Each structure stands twice: as structure tokens, then as C-alpha cells.
Amino acid sequence: MRSGTSLGRVRGLGSSKEGAHHWWQQRLTAGSNFLLMLWLVVSIARQPAFDYASMRFWLSSAWVALPMTLLILSVFWHFRMGLQVVIEDYQHDESRVVALVLLNFFVVALGATAIFSILRIAFGAAA
Amino acid sequence: MASRNPARPLSPHLTIWRWGPHMLVSILHRATGSGMATVGAMLLVWFLAALAGGADSYATFVDTFTVESGGLNVLGYIVGVGLTLSLFQHMMTGIRHLVLDTGAGFELRTNKLGALATMLASVMLTALFWLYLGIK
């Protein structure tokens with residue numbers, strides 16, 4: 001960054017026009033997380049047993065597989081944005097870029113594994 | 001940021017601030033969120049992948065957190081209670097954040113009571129969840 005006056009340093013940089021978008025999506029997914037996590041907590045609490053056959057039967061229902069897929073999408077998008085803010089608060093040099101790239105890899109790899117696993121059970125593929 | 005004027009006053013930081021409920025729930029929101037996003041997310045995906053992988057992989061997952069008789073072991077209780085308490089705390093402070101976003105609840109007394117209420121609610125909801133699981 002060039003070393004001019006304070007005004008000169010900020011002129012033309014401005015906001016990146018993404019702040020409000022990020023802020024709103026964080027709230028939007030907070031709302032959907034609230035509904036979906038309430039569903040999961042109630043559904044788990046009402047489960048009669050947690051053995052392999054019972055849990056396969058539970059997750060093979062469309063009434064579980066669909067909200068579970070939505071939960072993964074909503075929760076993972078929410079925590080991707082949340083961890084982004086945490087990284088931006090504490091990492092100030094090049095490590096910030098590395099951490100943000102790793103965060104994206106982490107979220108996409110984990111989310112894809114989760115959704116693939118749900119669909120594999122829901123579509124009845126043999127284990 | 002070498003060009004920043006070093007004579008500018010720094011904002012007061014943790015070392016000179018007196019802890020209050022509002023500060024505590026603020027940092028709890030971040031801590032529980034970060035914890036669930038890393039440990040919680042990996043365990044949820046391990047559960048899903050193990051279940052999809054077959055009886056053997058699911059048994060490996062279950063055996064990590066249970067004893068022979070089927071009850072939870074020490075790790076199972078730490079992870080189970082830890083994650084449910086984190087979930088309810090993050091959920092309650094999340095609701096508080098949505099209220100604060102509207103501009104409401106910033107009066108000192110209301111703000112403090114709201115912060116205390118999130119911790120009370122999260123402990124009660126966690127206890128309720130485990131009691132229900134236990135007596136069902």
C-alpha cells in the first residue's frame with residue numbers, strides 16, 4: 001500500500017459491497033438452522049433405539065433424509081460464514097488467505113461426504 | 001499496517017474489563033459455534049458416513065462412545081453433553097442476537113437479564129433433553 005495521506009490511503013478502496021450480503025445470509029441460515037436443529041433434536045430424542053438397523057431405517061425415510069440434507073446445507077453454509085468471521089478477526093497477514101482457502105476445502109469436502117452418505121442410505125444402496 | 005499512527009489510543013481489552021454476563025455469552029457464542037463447526041461437524045459426518053458404510057463401520061463409531069452394556073462411556077458423556085449444551089447455548093444466544101439486531105434490548109438491565117436467560121435456558125434444555133432420553 002502506498003504511504004500517502006490518510007484520505008489518500010482509503011480513497012477508492014471503499015467497502016467490497018459484500019458485507020450486507022454476508023450479514024443477511026448469516027441471519028437467514030440462523031433461522032433455517034433453528035427450525036432444522038429443533039427437528040433433529042426432537043427426532044433423535046424420540047428414537048426408540050440407536051442400533052444399526054434402527055438408525056438405517058430412520059435415515060432411509062424421505063421424511064428424515066430430506067430435512068437432514070437441508071440441515072447439512074443450512075448448517076454448513078452458516079458455519080462457513082461464521083468461521084470466516086473468526087478467521088478474519090484473528091488472522092491478519094498471509095495466513096488469513098491460507099486459512100480461508102482451507103476453510104472452504106473443509107466445508108465442501110465434509111458437506112459432500114455428509115450428503116453422499118445420506119443419499120446412499122435413502123436410495124437404498126447396499127452397504 | 002505499518003502506517004497506522006502508533007499514538008492513537010487502543011480500545012480497552014480483556015485485561016482491564018470487568019467480566020459481565022453479556023461479555024460471557026458473547027464469547028460463549030463464538031466458542032460454541034467454533035466448537036460445533038469443527039468437532040461437532042466432523043462427528044456428525046463420521047456418524048452419517050459410518051451408518052452409510054455398513055454395520056462394521058457403524059459399530060466402530062458406536063463403540064468409541066459406549067461401554068459393553070450399551071450405555072455411554074466417559075468420552076460419550078463429554079461429547080454428548082458438550083455438544084448438546086453448546087447447541088442450546090448457541091441457539092439461545094443466536095435468538096438473543098436476532099432480538100438485538102432489531103435494536104431492542106440494549107438497556108443495561110434488560111441486556112444483562114437477557115444474557116443470563118440464555119445460559120439458564122441452555123442448561124435447562126440440555127437437562128431436559130438428557131432426562132427425556134433417560135426415562136423414555
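As a predicted model, it is read with limits: local features need pLDDT of at least 70, side-chain atom pairs count only at pLDDT 80 or more, and totals for chains, interfaces and linings use all residues. Residues are numbered from 1 along each chain as its sequence is written, chains are lettered from A and ligands numbered from 1 in the order in which they are written, and side-chain values use heavy atoms, with hydrogens and water left out.

Chain A has five helices and zero strands, where helices (H or I, at least four residues) and strands (E, at least two) are DSSP runs numbered from the N terminus. Along the sequence the pattern is α-α-α-α-α. Of the 127 residues of chain A, 35% are buried; buried means under 20% relative accessible area, exposed over 50%, and partly exposed in between, with a 1.4 Å probe and protein chains only. Among contacts in chain A with a separation of 6 or more, 66% join residues 24 or more positions apart, a contact being heavy atoms within 4.5 Å.

Two packed helices are described by the angle between their axes and the distance between the axes. In chain A, helix α3 (residues 52–60) and helix α4 (residues 62–90) pack at about 75°, with axes 5 Å apart. Axes are lines fitted to C-alpha atoms, for helices over the stretch in contact, and angles run from 0 to 180 degrees between N-to-C directions. The two helices are therefore roughly perpendicular, since angles under 35 degrees count as roughly parallel, over 145 as roughly antiparallel, 65 to 115 as roughly perpendicular and the rest as oblique. From α3(A), the residues A:W58, A:L59 and A:S60 meet A:A62, A:V64, A:A65 and A:M68 of α4(A). This contact has six nonpolar residues, one polar and no charged. Ala, Val, Leu, Ile, Met, Phe, Trp, Tyr, Cys and Pro count as nonpolar, Asp, Glu, Lys and Arg as charged, and the others, Gly among them, as polar.

In chain B, α1(B) and helix α2 (residues 55–65) pack at about 140° with axes 6 Å apart, which makes α1(B) oblique to α2(B). Among the residues that meet are B:W46 and B:F47 in α1(B) and B:Y58 and B:F61 in α2(B). By class, eight residues of this contact are nonpolar, four are polar and none is charged.

Helix α4 of chain B (residues 108–135) has 28 residues and spans 41 Å from first C-alpha to last, close to the 40 Å expected at 1.5 Å a residue; the expected span is 1.5 Å times one less than the number of residues. Its buried residues are B:N111, B:A115, B:T118, B:S122, B:T126 and B:F129. Their cover includes α2 (19–45) of chain A, along with α1 (21–53) and α3 (74–101) of chain B.

The contact between the chains takes 39 residues from chain A and 29 residues from chain B. Together the chains bury about 2,800 Å², 75% of it on carbon and sulfur atoms; buried area is the accessible area (1.4 Å probe) that two parts lose on being put together, summed over both. A:V41, A:A45 and A:Y52 supply 17% of the area that chain A buries against chain B, more than any other three residues.

Two single residues remain. B:L24 lies in helix α1 of chain B and, at 33% relative accessibility, counts as partly exposed. Beyond its neighbours within four places in sequence, B:L24 contacts B:W19 and B:M119. A:S43, in helix α2 of chain A, counts as buried at 15% relative accessibility.
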